[in-house]
Amino acid sequence: MMRKAIYITIICISFISINLYSQAKKPTLMIVPSDAWCIQNGYATKFENQGSIQTIPDYKRAFQENTDVLQVISQINGMMAERGFPLKNMESAIKTLESNSAVDNMMTSKSGSDTNESPIDALRKIAKADIIIQLTWTVNKVGPKRSISFNLQGIDAYTDKQIATSTGTGAQSFTAELPVLLSEAVIAHIDNFSSTLQSHFDDLFNNGREIILRIQTWQDWDEDLESEFDGEELGIIIEDWLADHTVKGRFSTTDMTESMALFEQVRIPLYNDKGRAIDARRYIRDLSKYLKNSPYSIPNKLVTKGLGRVTLILGRK
Amino acid sequence: MKHILKISLTFLFIFLIGTNVNAQRKKKLADKATKECKYDIECVNTGKKGSKLIKVWSYSKKKKYATSQAMKNAVHGILFKGFSGVGRSCTAFKPLITNQMTKREYDKFFDDFFKDGKYGGEYSKYVTAANDGNVAPGDVLKVDRKTYKIGIIVNVLTDLLRKRLEEEGIITGLSSGF
């Protein structure tokens, strides 16, 4: 009787722990006006970069001066929230970054020391999300008639793949104001967009999360990816590890030289052996440990970007 | 006199039962047509937020059955058929239920969801007739000697329907699993 009670308790605890860890890491989504829209509407700045003129979008000015873009983003945000997937608001993210930056500048310890920030940290201080929803619209005019060409593109920030889309040109109108035409366009396209996004999530749950892995080497490291360990090249050893640990052995070796390797379409499981949700960093940490231990004994540094991009630099921490 | 009254009442009784049985049979046939997707569905306009304004073309030997079945066909169409975009004011719509169902699952879902109740079945919560249910003169077509094709414009509350299916676990929502 006592033994039965213990068994039941163990089963209950294991079910509870599985439930606690059974949620996959949720990607963040953010709507960003496309470069084309920003440049066409004059929300861009030009600067000279090593002799060539570059144009970059000025998002802050776009949000401050264009109410149409705010209306469209607000409407899409609302409709996605109704579908249980609230989006990150880019305007707020930019404001938060500015406020954090001001606080960081003023912050000192009691001994007068500043907070640590490497040049890489400074570069990474931008509004970001795992999936970028790129928004573009153009107003077409034929005589007095106007119509809207609308384009929503969901892009995976790590693999650069377009994972969701909805695009089309609405009906022509003599009388409707631009905000009305835009609102109609959002209503017409949001279902198709979320349906293609759903297909992407279904694929993610069936075939694992797709990540990108870069392998680099420090200049002062004596070995390289062609160095042999137990008669096998290091590059091949890493490929074998990936083949054994990816979902259905799926990955592509895009580049492999003596100093670097690039693996794309690496399908990683959403959960580890303990049932905990994992991302690219937690997943590649196992490869990092594998290379650190004997017989390879290769110290390495793991650098991550969000849920889906990792760089492993071999030779030193 | 009493004898004639008895015979008349018997005939009336048989006639009423016959009419009822005939109506039931026609209703079953109409339901069978819905179940087998024997209707056409096309987009009319973008519609309001969270809904689709569509025209449903139902086929029937009698006009009144095609009209009454249009609501069922509209909801069934949104669930299982979807529609292609027409012109520039309409975009294509994928059916809400895209995952494969076994025949048993489909029959059970259909029988429960499309069951006719006293105040309309479960499905009727998600559909309303546009134009007060009136049929435009050009939307009554005679396909052959016995069959009418009747087009009725209805408004289907797709967002509410999708939420209901998500709650039932029939389809997965965007945030499911995260």
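In which strand of chain A is A:Thr217 found?

Modeller: This is a predicted model, and in it A:Thr217 is found in strand β7 of chain A. The side chain of A:Thr217 reaches the backbone oxygen of A:Ser259, with a distance of 3.0 Å. Once the neighbours within four places in sequence are left aside, A:Thr217 is in contact with A:Ser259, A:Ile313 and A:Leu314.

Strand β7 of chain A, residues 209-217, pairs with strand β11 of chain A, residues 260-268, in the antiparallel sense, and seven bridges connect the two. At one position along this pairing, A:Arg209 stands opposite A:Ile268 in β11(A). Both strands are part of an open sheet of five strands in chain A, ordered β10-β11-β7-β13-β12, in which the pairing is mixed. The edge positions belong to β10 (252-256) and β12 (300-305) of chain A, each of which has a single partner strand, so one side of each is left without a neighbour in the sheet. From one strand to the next, the twist averages 15 degrees.

At the β10 end of that order, β10(A) and β11(A) run antiparallel and are joined by four bridges. The two strands form a hairpin, with three residues between them, and within their pairing A:Met256 stands opposite A:Ala261 in β11(A).

Two helices lie against this sheet. Helix α8 of chain A, residues 234-245, lies across β7, β10, β11 and β13 (309-314) of chain A, and its direction runs at about 5 degrees to β11(A). Helix α9 of chain A, residues 280-292, also packs on the sheet, where it touches β7, β11, β12 and β13 of chain A and makes about 15 degrees with the direction of β13(A). The loop between α9 and β12 of chain A holds A:Pro295, and the peptide bond that leads from A:Ser294 to A:Pro295 is cis, with omega near 15 degrees. A further backbone value deserves a check: A:Gln50, a residue other than glycine, has a positive phi near 50 degrees, and A:Gln50 lies in the loop between β2 (44-49) and β3 (52-57) of chain A. As background to both cases, most residues other than glycine have a negative phi, and most peptide bonds are trans.

Chain A also holds an open sheet of four strands in the order β1-β4-β5-β6, and its pairing is mixed. Here β1 (29-33) and β6 (162-169) of chain A are the edge strands, and each has a single partner strand, so one side of each is left without a neighbour in the sheet. On average, and with direction ignored, neighbouring strands of this sheet are turned by 20 degrees against each other. β1(A) runs parallel to strand β4 of chain A, residues 131-142, and five bridges join them, with A:Leu29 standing opposite A:Ile131 in β4(A). Helix α7 of chain A, residues 178-207, lies across β1, β4, β5 (145-156) and β6 of chain A, running at about 150 degrees to β6(A).

Chain B has four helices and five strands, and from the N terminus on its elements run α-β-β-α-α-β-β-β-α. The C-alpha trace of chain B spans about 80 × 40 × 25 Å along its principal axes. In the interface, 21 residues of chain B are in contact with 34 residues of chain A. The two chains bury about 2,200 Å² between them, and 52% of that area is on carbon and sulfur atoms. On the side of chain B, the residues that lose the most area to chain A are B:Arg88, B:Leu174 and B:Phe178, which together account for 40% of what that side buries.

Eight residue pairs are in polar contact across the interface, both residues being at pLDDT 80 or more. Helix α4 of chain B, residues 158-168, gives the most to the side of chain B that touches chain A, contributing three residues. By class, the residues of that side divide into four nonpolar, nine polar and eight charged.

Technical notes: Residues numbered from 1 in each chain as written. Chains lettered and ligands numbered in written order. Predicted model: local features only at pLDDT ≥ 70, side-chain atom pairs only at ≥ 80, totals over all residues. Heavy atoms only, no water. Contact = heavy atoms within 4.5 Å. Buried area = accessible area lost by both parts, 1.4 Å probe. Polar contact = N/O pair within 3.5 Å; in protein donor to acceptor, adjacent residues only side chain to side chain. Nonpolar A, V, L, I, M, F, W, Y, C, P; charged D, E, K, R; others polar. Pairing = 2+ DSSP bridges. Axes fitted to C-alpha atoms, helices over the stretch in contact; angles between N-to-C directions.
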